[in-house]
Amino acid sequence: MKKFILDLQVISVEALSDKHVLIKLTDLKPLPEIIPGQFLEVRIDHSPATFLRRPISINFVDRDNNQLWLLVAIVGDGTRQLAKLKAGDTLNCVMPLGNGFTLPIETGKKFLLVGGGVGVAPLLYFGKVIRDMGCEPVFLLGARSAKDLLELELFKQYGRVYVTTEDGSLGEKGFVTNHSILENESFDQISTCGPGPMMVSVARFANKAGIECEASLENKMACGVGACLCCVENTTEGNLRVCQDGPVFNIKKLLWQL
Ligand SMILES: Cc1cc2nc3c(=O)[nH]c(=O)nc-3n(C[C@H](O)[C@H](O)[C@H](O)COP(=O)(O)OP(=O)(O)OC[C@H]3O[C@@H](n4cnc5c(N)ncnc54)[C@H](O)[C@@H]3O)c2cc1C
Ligand code: FES
(Lines give C-alpha, C1' and ligand atoms only; values in the text may rest on other atoms or scores of the structure.)
(Ligands and ions follow the chains in the order given, each with its own letter.)
Protein backbone atom coordinates (compact mmCIF):
# COMPACT_ATOMS: atom_id res chain seq x y z
CA MET A 1 0.00 0.00 0.00
CA LYS A 2 1.25 3.45 -0.82
CA LYS A 3 2.44 5.42 2.18
CA PHE A 4 1.95 9.17 2.60
CA ILE A 5 3.56 11.90 4.67
CA LEU A 6 0.70 14.20 5.57
CA ASP A 7 0.37 17.37 7.63
CA LEU A 8 -2.98 16.55 9.20
CA GLN A 9 -4.92 19.33 10.87
CA VAL A 10 -6.07 18.97 14.44
CA ILE A 11 -9.82 19.43 14.81
CA SER A 12 -10.04 18.68 18.54
CA VAL A 13 -8.25 17.09 21.48
CA GLU A 14 -10.64 15.70 24.07
CA ALA A 15 -9.51 14.43 27.48
CA LEU A 16 -11.16 11.05 28.09
CA SER A 17 -9.47 10.61 31.49
CA ASP A 18 -6.53 12.19 33.31
CA LYS A 19 -4.18 10.14 31.10
CA HIS A 20 -6.01 9.56 27.83
CA VAL A 21 -6.91 11.90 24.97
CA LEU A 22 -8.88 11.47 21.77
CA ILE A 23 -7.35 13.47 18.93
CA LYS A 24 -9.46 14.13 15.84
CA LEU A 25 -7.60 15.03 12.65
CA THR A 26 -8.51 15.93 9.10
CA ASP A 27 -6.91 16.75 5.77
CA LEU A 28 -7.85 19.02 2.88
CA LYS A 29 -7.72 16.02 0.54
CA PRO A 30 -9.66 12.77 1.12
CA LEU A 31 -7.76 10.54 3.56
CA PRO A 32 -6.03 7.55 1.93
CA GLU A 33 -7.35 3.99 2.10
CA ILE A 34 -6.82 2.60 5.61
CA ILE A 35 -7.24 -0.99 6.79
CA PRO A 36 -8.30 -1.45 10.42
CA GLY A 37 -5.27 -2.32 12.55
CA GLN A 38 -2.89 -0.12 10.58
CA PHE A 39 -1.02 2.64 12.38
CA LEU A 40 0.79 5.87 11.71
CA GLU A 41 4.08 7.38 12.87
CA VAL A 42 3.65 10.89 14.26
CA ARG A 43 6.39 13.48 14.39
CA ILE A 44 6.57 15.07 17.82
CA ASP A 45 7.36 18.75 17.46
CA HIS A 46 8.51 21.00 20.35
CA SER A 47 10.01 18.07 22.30
CA PRO A 48 13.80 17.86 21.89
CA ALA A 49 13.78 14.68 24.03
CA THR A 50 11.54 12.96 21.48
CA PHE A 51 13.81 12.44 18.50
CA LEU A 52 11.97 9.54 16.86
CA ARG A 53 8.44 9.50 15.55
CA ARG A 54 5.94 7.63 17.74
CA PRO A 55 3.69 4.81 16.45
CA ILE A 56 -0.01 5.26 17.18
CA SER A 57 -2.89 3.04 15.99
CA ILE A 58 -5.60 4.42 13.81
CA ASN A 59 -8.53 4.45 16.20
CA PHE A 60 -11.27 5.39 13.74
CA VAL A 61 -11.78 6.72 10.23
CA ASP A 62 -14.90 8.83 9.71
CA ARG A 63 -15.17 8.96 5.92
CA ASP A 64 -18.31 11.15 5.97
CA ASN A 65 -16.37 13.92 7.69
CA ASN A 66 -12.89 12.98 6.37
CA GLN A 67 -11.62 12.50 9.93
CA LEU A 68 -9.01 10.22 11.44
CA TRP A 69 -8.97 9.64 15.19
CA LEU A 70 -6.13 8.73 17.54
CA LEU A 71 -6.66 7.45 21.08
CA VAL A 72 -3.56 8.26 23.07
CA ALA A 73 -2.40 7.21 26.53
CA ILE A 74 -0.03 9.77 28.06
CA VAL A 75 3.04 7.78 29.17
CA GLY A 76 6.05 9.99 28.36
CA ASP A 77 7.24 13.20 26.70
CA GLY A 78 6.03 12.32 23.20
CA THR A 79 2.49 11.45 24.13
CA ARG A 80 2.40 14.40 26.56
CA GLN A 81 3.14 16.73 23.63
CA LEU A 82 0.39 15.07 21.59
CA ALA A 83 -2.08 15.73 24.40
CA LYS A 84 -1.13 19.44 24.30
CA LEU A 85 -2.13 19.85 20.65
CA LYS A 86 -4.85 22.41 19.98
CA ALA A 87 -7.47 22.78 17.26
CA GLY A 88 -5.80 24.30 14.19
CA ASP A 89 -2.35 22.78 14.89
CA THR A 90 -0.85 20.38 12.36
CA LEU A 91 0.46 16.90 13.06
CA ASN A 92 2.93 15.40 10.61
CA CYS A 93 2.09 11.73 10.06
CA VAL A 94 3.54 8.90 7.96
CA MET A 95 0.64 6.60 7.12
CA PRO A 96 -0.90 4.11 6.69
CA LEU A 97 1.70 1.68 8.06
CA GLY A 98 1.78 -2.07 8.60
CA ASN A 99 -0.67 -4.84 7.87
CA GLY A 100 -4.05 -4.59 9.55
CA PHE A 101 -6.53 -7.23 10.68
CA THR A 102 -7.71 -9.81 8.15
CA LEU A 103 -11.13 -8.73 6.88
CA PRO A 104 -13.96 -11.27 6.63
CA ILE A 105 -14.53 -13.00 3.30
CA GLU A 106 -18.04 -14.19 4.24
CA THR A 107 -20.97 -12.42 5.89
CA GLY A 108 -22.62 -13.66 9.09
CA LYS A 109 -19.42 -14.44 10.97
CA LYS A 110 -19.17 -13.60 14.68
CA PHE A 111 -15.96 -11.85 15.75
CA LEU A 112 -14.84 -11.41 19.35
CA LEU A 113 -12.66 -8.30 19.60
CA VAL A 114 -10.71 -8.31 22.87
CA GLY A 115 -8.96 -5.12 23.98
CA GLY A 116 -7.08 -4.11 27.09
CA GLY A 117 -6.22 -0.57 28.19
CA VAL A 118 -5.37 1.74 25.28
CA GLY A 119 -5.06 -1.44 23.17
CA VAL A 120 -8.77 -1.02 22.48
CA ALA A 121 -7.78 1.74 20.01
CA PRO A 122 -7.67 -0.20 16.70
CA LEU A 123 -10.74 -2.29 17.59
CA LEU A 124 -13.26 0.54 17.18
CA TYR A 125 -12.67 1.02 13.46
CA PHE A 126 -12.26 -2.74 12.94
CA GLY A 127 -15.65 -3.32 14.61
CA LYS A 128 -17.34 -0.76 12.39
CA VAL A 129 -15.81 -2.18 9.22
CA ILE A 130 -16.74 -5.80 9.95
CA ARG A 131 -20.27 -4.75 10.94
CA ASP A 132 -20.59 -2.87 7.64
CA MET A 133 -19.40 -6.06 5.89
CA GLY A 134 -22.31 -8.04 7.36
CA CYS A 135 -20.51 -9.68 10.28
CA GLU A 136 -21.15 -9.33 14.03
CA PRO A 137 -18.49 -7.75 16.23
CA VAL A 138 -18.74 -8.49 19.95
CA PHE A 139 -16.40 -6.39 22.09
CA LEU A 140 -14.77 -7.63 25.29
CA LEU A 141 -12.87 -4.75 26.86
CA GLY A 142 -10.76 -4.84 29.99
CA ALA A 143 -9.08 -2.27 32.19
CA ARG A 144 -7.83 -1.82 35.74
CA SER A 145 -10.79 0.31 36.77
CA ALA A 146 -13.99 1.81 35.30
CA LYS A 147 -12.27 5.17 34.72
CA ASP A 148 -9.71 3.48 32.43
CA LEU A 149 -12.34 2.03 30.09
CA LEU A 150 -12.30 4.11 26.93
CA GLU A 151 -14.90 4.92 24.25
CA LEU A 152 -17.51 2.49 25.64
CA GLU A 153 -20.44 4.42 24.15
CA LEU A 154 -18.74 4.49 20.74
CA PHE A 155 -18.12 0.72 20.81
CA LYS A 156 -21.81 0.18 21.67
CA GLN A 157 -22.77 1.75 18.30
CA TYR A 158 -21.27 -1.23 16.48
CA GLY A 159 -21.97 -4.27 18.65
CA ARG A 160 -22.52 -5.74 22.10
CA VAL A 161 -19.92 -4.63 24.64
CA TYR A 162 -18.77 -6.73 27.62
CA VAL A 163 -16.42 -5.35 30.23
CA THR A 164 -14.06 -6.56 32.92
CA THR A 165 -12.25 -4.44 35.50
CA GLU A 166 -9.54 -5.67 37.83
CA ASP A 167 -11.10 -3.82 40.79
CA GLY A 168 -14.69 -4.81 39.91
CA SER A 169 -15.80 -1.16 39.48
CA LEU A 170 -17.58 -2.00 36.19
CA GLY A 171 -18.58 -5.24 34.49
CA GLU A 172 -17.21 -8.55 35.72
CA LYS A 173 -14.33 -8.42 38.18
CA GLY A 174 -11.04 -9.86 36.91
CA PHE A 175 -9.32 -10.20 33.55
CA VAL A 176 -10.90 -10.41 30.10
CA THR A 177 -10.01 -14.10 29.87
CA ASN A 178 -12.14 -14.78 32.97
CA HIS A 179 -15.29 -13.23 31.45
CA SER A 180 -18.30 -15.55 31.38
CA ILE A 181 -19.01 -14.75 27.72
CA LEU A 182 -16.08 -16.99 26.76
CA GLU A 183 -17.92 -19.96 28.29
CA ASN A 184 -21.40 -18.98 27.16
CA GLU A 185 -20.97 -18.07 23.48
CA SER A 186 -19.07 -19.32 20.46
CA PHE A 187 -17.14 -17.19 17.99
CA ASP A 188 -15.72 -17.69 14.49
CA GLN A 189 -12.70 -15.44 14.99
CA ILE A 190 -10.93 -13.60 17.81
CA SER A 191 -8.86 -10.44 17.36
CA THR A 192 -6.95 -8.89 20.21
CA CYS A 193 -4.83 -5.87 21.08
CA GLY A 194 -3.51 -4.83 24.46
CA PRO A 195 -0.83 -5.67 27.01
CA GLY A 196 1.37 -8.65 26.07
CA PRO A 197 0.29 -10.98 28.92
CA MET A 198 -3.37 -10.31 28.11
CA MET A 199 -2.87 -11.16 24.43
CA VAL A 200 -1.02 -14.36 25.33
CA SER A 201 -3.94 -15.41 27.57
CA VAL A 202 -6.44 -14.61 24.83
CA ALA A 203 -4.33 -16.54 22.32
CA ARG A 204 -4.20 -19.53 24.71
CA PHE A 205 -7.97 -19.50 25.02
CA ALA A 206 -8.43 -19.27 21.24
CA ASN A 207 -5.90 -22.01 20.60
CA LYS A 208 -7.57 -24.36 23.11
CA ALA A 209 -11.03 -23.59 21.69
CA GLY A 210 -9.80 -24.04 18.10
CA ILE A 211 -10.77 -20.48 17.09
CA GLU A 212 -8.74 -18.49 14.56
CA CYS A 213 -7.04 -15.61 16.33
CA GLU A 214 -5.03 -12.53 15.37
CA ALA A 215 -3.05 -10.34 17.77
CA SER A 216 -1.83 -6.80 17.16
CA LEU A 217 1.66 -6.41 18.68
CA GLU A 218 3.01 -3.15 20.08
CA ASN A 219 6.76 -3.86 20.08
CA LYS A 220 8.90 -0.77 20.53
CA MET A 221 9.56 0.87 17.17
CA ALA A 222 12.02 3.37 15.72
CA CYS A 223 11.77 3.86 11.96
CA GLY A 224 8.31 2.28 11.60
CA VAL A 225 8.97 1.38 7.96
CA GLY A 226 11.02 -1.82 8.11
CA ALA A 227 14.55 -0.36 7.95
CA CYS A 228 16.03 -0.47 11.47
CA LEU A 229 14.99 -3.96 12.68
CA CYS A 230 14.43 -2.70 16.22
CA CYS A 231 10.87 -4.06 16.35
CA VAL A 232 11.51 -7.68 15.34
CA GLU A 233 9.45 -10.54 16.74
CA ASN A 234 10.72 -14.09 16.60
CA THR A 235 8.15 -16.16 14.69
CA THR A 236 7.76 -19.52 12.96
CA GLU A 237 9.15 -17.71 9.87
CA GLY A 238 12.18 -16.29 11.71
CA ASN A 239 12.54 -12.70 12.84
CA LEU A 240 9.75 -10.56 11.37
CA ARG A 241 9.45 -6.79 11.57
CA VAL A 242 6.34 -5.86 13.53
CA CYS A 243 6.11 -2.48 11.76
CA GLN A 244 6.24 -3.96 8.26
CA ASP A 245 5.13 -7.62 8.55
CA GLY A 246 2.65 -6.86 11.36
CA PRO A 247 1.59 -5.35 13.66
CA VAL A 248 -1.22 -7.91 13.26
CA PHE A 249 -0.14 -11.56 13.26
CA ASN A 250 -2.02 -14.85 13.28
CA ILE A 251 -1.17 -16.36 16.67
CA LYS A 252 -0.02 -19.57 14.93
CA LYS A 253 2.98 -17.59 13.64
CA LEU A 254 4.01 -16.36 17.10
CA LEU A 255 6.34 -18.39 19.30
CA TRP A 256 4.15 -17.89 22.34
CA GLN A 257 3.72 -20.79 24.79
CA LEU A 258 0.10 -21.61 23.96
C1 LIG B 1 1.94 -0.44 16.36
C2 LIG B 1 1.78 0.39 17.62
C3 LIG B 1 0.58 1.02 17.85
C4 LIG B 1 0.41 1.79 19.00
N5 LIG B 1 -0.79 2.39 19.19
C6 LIG B 1 -0.96 3.19 20.25
C7 LIG B 1 -2.21 3.89 20.43
O8 LIG B 1 -3.14 3.79 19.63
N9 LIG B 1 -2.31 4.69 21.51
C10 LIG B 1 -1.29 4.84 22.42
O11 LIG B 1 -1.44 5.60 23.38
N12 LIG B 1 -0.13 4.19 22.29
C13 LIG B 1 0.06 3.38 21.22
N14 LIG B 1 1.26 2.74 21.07
C15 LIG B 1 2.32 2.93 22.08
C16 LIG B 1 2.99 4.27 21.83
O17 LIG B 1 3.73 4.22 20.63
C18 LIG B 1 3.93 4.60 22.99
O19 LIG B 1 3.19 4.72 24.18
C20 LIG B 1 4.66 5.89 22.70
O21 LIG B 1 5.60 5.69 21.69
C22 LIG B 1 5.36 6.41 23.95
O23 LIG B 1 6.03 7.59 23.59
P24 LIG B 1 6.41 8.68 24.70
O25 LIG B 1 7.44 9.57 24.11
O26 LIG B 1 5.21 9.31 25.27
O27 LIG B 1 7.00 7.80 25.86
P28 LIG B 1 8.54 7.33 26.04
O29 LIG B 1 9.25 8.41 26.76
O30 LIG B 1 9.08 6.81 24.75
O31 LIG B 1 8.27 6.12 27.00
C32 LIG B 1 7.60 6.35 28.26
C33 LIG B 1 7.29 5.01 28.90
O34 LIG B 1 6.38 4.26 28.06
C35 LIG B 1 6.95 3.01 27.73
N36 LIG B 1 6.61 2.67 26.34
C37 LIG B 1 7.06 3.24 25.22
N38 LIG B 1 6.56 2.64 24.14
C39 LIG B 1 5.77 1.65 24.59
C40 LIG B 1 4.99 0.65 23.97
N41 LIG B 1 4.92 0.51 22.65
N42 LIG B 1 4.30 -0.20 24.76
C43 LIG B 1 4.37 -0.11 26.09
N44 LIG B 1 5.10 0.82 26.74
C45 LIG B 1 5.78 1.66 26.00
C46 LIG B 1 8.45 3.20 27.87
O47 LIG B 1 9.09 1.97 28.17
C48 LIG B 1 8.55 4.14 29.03
O49 LIG B 1 8.43 3.46 30.24
C50 LIG B 1 1.46 1.94 19.94
C51 LIG B 1 2.68 1.30 19.70
C52 LIG B 1 2.84 0.52 18.56
C53 LIG B 1 4.13 -0.16 18.31
S1 FES C 1 10.68 -0.01 13.59
FE2 FES C 1 12.36 -0.07 12.22
S3 FES C 1 12.14 -2.01 11.33
FE4 FES C 1 10.37 -1.85 12.57
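This is a predicted model: local features need pLDDT of at least 70, side-chain atom pairs count only at pLDDT 80 or more; totals for chains, interfaces and linings use all residues.
Let's start with the overall layout. Where the two meet, domain 1 contributes 23 residues to the contact and domain 2 contributes 24 residues.

Together the domains bury about 1900 Å² between them, and carbon and sulfur atoms account for 68% of that area. On the domain 1 side, three residues stand out: P36, F60 and L71 provide 27% of the area that domain 1 buries against domain 2, more than any other three residues.

If you like to list specific interactions, here is the inventory. One salt bridge is counted between domain 1 and domain 2. A salt bridge joins D148 and K19, with 3.2 Å between the closest N and O atoms.

The side of domain 1 that touches domain 2 draws at least two residues from each of β1 (4-17), β2 (20-26), β3 (39-42), β4 (54-57), β5 (60-62) and β6 (67-73). Strand β6 gives the largest share, with four residues. By residue type, this side of domain 1 holds 15 nonpolar, five polar and three charged residues.

## Around ligand 1

Now for the ligand. There are 19 residues around ligand 1, and R54, P55, L71, A73 and T79 come nearest. L71 is also one of the three residues named above for the area that domain 1 buries against domain 2.

Several close approaches involve oxygen atoms of ligand 1. For P55, a backbone N or O atom is 2.6 Å from a ligand oxygen. G78 likewise places a backbone N or O atom 2.8 Å from an oxygen atom of the ligand. With K220 it is the side chain that takes part: one of its N or O atoms is 2.9 Å from an oxygen atom of ligand 1.

## Backbone details worth a look

Two cis peptide bonds are worth checking when you set up the model. One runs from M95 to P96, with omega near -15 degrees, and P96 sits in strand β7 (residues 90-97). Another joins G246 and P247, with omega about 10 degrees; P247 belongs to the loop between α6 (242-245) and β16 (248-250).

Finally, H46 is not a glycine, yet its phi is positive, at about 60 degrees. You will find H46 in the loop between β3 and β4.

Conventions. Residues are numbered from 1 along each chain as its sequence is written. Chains are lettered from A and ligands numbered from 1 in the order in which they are written. Side-chain values use heavy atoms; hydrogens and water are left out. Contact means heavy atoms within 4.5 Å. Buried area is the accessible area (1.4 Å probe) that two parts lose on being put together, summed over both. A salt bridge is a side-chain nitrogen of Lys or Arg within 4 Å of a carboxyl oxygen of Asp or Glu. Ala, Val, Leu, Ile, Met, Phe, Trp, Tyr, Cys and Pro count as nonpolar, Asp, Glu, Lys and Arg as charged, and the others, Gly among them, as polar. A residue is near a molecule or strand if one of its heavy atoms lies within 4 Å of it. A polar contact is a pair of N or O atoms within 3.5 Å; within protein, one must be able to donate a hydrogen and the other to accept it, and residues adjacent in sequence count only if both atoms are side-chain atoms.
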